[in-house]
Amino acid sequence: MSDMDEMDEGSGIVKKFMFLNRKAPHGTVYALEGLEVVLITAAFDQDVSMVFTDDGVYQLMKGIDTKGIEVKDFSKTYRALEGYDIEKLYVDQASLDARGLTEDDLIVDVTVLAVDEMANLMAEQDVVISF
Amino acid sequence: MLHIVNKSATERSSLESCLRMATQGSAVLLIEDAVCAATNGNAAAAKIQAAAAGLKIYALGPDLAARGMTGRVLDGVNVVDYGGFVDLVAEHSNCQSWL
């Protein structure tokens with residue numbers, strides 16, 4: 001079998017990828033870099049879940065205005081994920097609670113999960129990539 | 001003294017260490033991810049409000065706006081712009097950044 005045949009055979013495999021976002025936006029580059037990697041992954045037709053826990057929930061805040069700190073506002077990009085067939089967005093309930101936030105404060109429709117549901121979702125993934 | 005904190009209180013212990021060390025009448029300026037601590041409902045809110053009795057607490061407005069937090073700032077926290085940041089540095093004889 002040639003290398004090319006192996007690649008063709010491999011191209012049909014769909015794995016479950018979880019992108020775990022745990023950092024607030026802007027203070028570090030993790031949130032923006034994570035989003036860019038997710039968009040790249042979308043080109044490979046994988047089963048992608050995007051998860052927001054801890055300070056990662058801040059990435060999805062409505063009303064973000066970055067003009068004053070002169071950095072790119074990438075929060076609108078989360079709304080474009082649907083167009084890349086990335087529709088599985090999950091948020092940790094306890095992380096919202098600890099920050100005085102509710103689902104209504106978020107810029108996109110998400111599924112809010114309790115900690116045991118989030119734990120199970122993580123356990124069933126083939127690959128977890130953390131930002 | 002002016003204390004400056006730039007790390008999120010729900011991720012690092014910088015704010016807690018700062019509030020432990022800041023003496024009566026000192027100023028604490030929250031910038032970057034640290035501004036989230038000064039918002040309603042945040043897990044660190046009670047600590048900040050308790051500290052505000054003896055310290056002057058400030059948060060940088062542009063960093064609040066960049067995190068969608070402009071309308072959520074705790075009572076007793078003063079919002080400053082970059083000019084206010086410069087004034088705080090100039091007004092205080094020394095400063096400590098809790099990196």
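Trainee: At about how many degrees to β1(A) does helix α2 of chain A run?

Mentor: Start with the helix itself, residues 30-41 in a predicted model.

Trainee: Which strands of chain A does helix α5 lie across?

Mentor: This helix covers residues 115-123 of chain A. It runs at about 135 degrees to β3(A). The strands that helix α5 of chain A lies across are β1, β2, β3, β4 and β5.

Trainee: In what order do the strands of the open sheet in chain A stand?

Mentor: The sheet has 5 strands, and their pairing is parallel. From one strand to the next, the twist averages 25 degrees. Read across the sheet, the order is β4-β3-β2-β1-β5.

Trainee: Which are the edge strands of chain A?

Mentor: Look at the two ends of the order β4-β3-β2-β1-β5. An edge strand pairs on one side only. In chain A that gives β4 (111-113) and β5 (127-130).

Trainee: What is the bridge partner of A:Y90 in β4(A)?

Mentor: Strand β3 of chain A takes in residues 88-92. It pairs with β4(A) in the parallel sense, over 3 bridges. Across in β4(A), the partner of A:Y90 is A:T111.

Trainee: What percentage of the residues of chain A count as buried?

Mentor: Chain A has 131 residues. Its C-alpha trace spans about 55 × 35 × 25 Å along the principal axes. Of its contacts with a separation of 6 or more, 73% are between residues 24 or more positions apart. The buried share of chain A is 30%.

Trainee: Where in chain A is the place of A:D54, and is it buried or partly exposed?

Mentor: A:D54 sits in the loop between β2 and α3 (77-80) of chain A. Within 10 Å there are 19 other C-beta atoms. A residue needs 20 or more to be buried, so A:D54 counts as partly exposed.

Trainee: Which residues is A:D54 in contact with, leaving aside its neighbours within four places in sequence?

Mentor: The list takes in both chains. As for A:G100, its C-alpha is 12 Å from that of A:D54, and the two are 46 residues apart in sequence. The contacts of A:D54 are A:R22, A:S95, B:T10 and B:E11.

Trainee: How many nonpolar residues does the side of chain A that touches chain B have?

Mentor: The contact takes 19 residues from chain A and 19 residues from chain B. On the chain A side, 6 are polar and 5 are charged. The nonpolar ones number 8.

Trainee: What is the radius of gyration of chain B?

Mentor: Chain B has 4 helices and 5 strands. They run β-α-β-α-β-α-β-α-β from the N terminus on. For 99 residues the globule rule gives 13 Å, and chain B comes close to that, so it is as compact as a globular protein of that length. Its radius of gyration is 12 Å.

Trainee: What percentage of the residues of chain B count as buried?

Mentor: The C-alpha atoms of chain B fill a box of roughly 30 × 25 × 25 Å along the principal axes. Among contacts between residues at least 6 apart in sequence, 67% join residues at least 24 apart. Of the 99 residues in chain B, the buried share is 46%.

Trainee: Which are the buried residues of helix α1 of chain B?

Mentor: This helix is residues 14-21. Seen down the axis of α1(B), the buried residues fall within an arc of 125 degrees, so they line one face of the helix. They pack against β1 (2-5), β2 (27-30), α2 (45-51) and β5 (95-98) of chain B. The buried residues are B:S14, B:L15, B:C18 and B:L19.

Trainee: Which exposed residues does the face of α1(B) turned away from its buried side carry?

Mentor: An α-helix has 3.6 residues a turn, so residues three or four places apart point the same way. The buried side of α1(B) includes B:L15 and B:L19. The face turned away carries B:R20 and B:M21.

Trainee: Does B:D63 count as buried or exposed?

Mentor: B:D63 is in helix α3 (residues 61-65) of chain B. Leaving aside its neighbours within four places in sequence, its contacts are A:I69, B:I31, B:E32 and B:V35. With 23 C-beta neighbours inside 10 Å, B:D63 counts as buried.

Definitions and conventions: Residues are numbered from 1 along each chain as its sequence is written. Chains are lettered from A and ligands numbered from 1 in the order in which they are written. This is a predicted model: local features need pLDDT of at least 70, side-chain atom pairs count only at pLDDT 80 or more; totals for chains, interfaces and linings use all residues. Two strands pair if DSSP finds at least two bridges between them. Axes are lines fitted to C-alpha atoms, for helices over the stretch in contact, and angles run from 0 to 180 degrees between N-to-C directions. Two residues are in contact if their C-beta atoms, placed from the backbone, lie within 7 Å. Ala, Val, Leu, Ile, Met, Phe, Trp, Tyr, Cys and Pro count as nonpolar, Asp, Glu, Lys and Arg as charged, and the others, Gly among them, as polar. A residue is buried if 20 or more other C-beta atoms lie within 10 Å of its own, exposed if 12 or fewer, and partly exposed in between; C-beta atoms are placed from the backbone. The arc is that of the directions from the helix axis to the C-beta atoms. The radius of gyration is taken over C-alpha atoms; the globule rule is 2.2 Å times the number of residues to the power 0.38.
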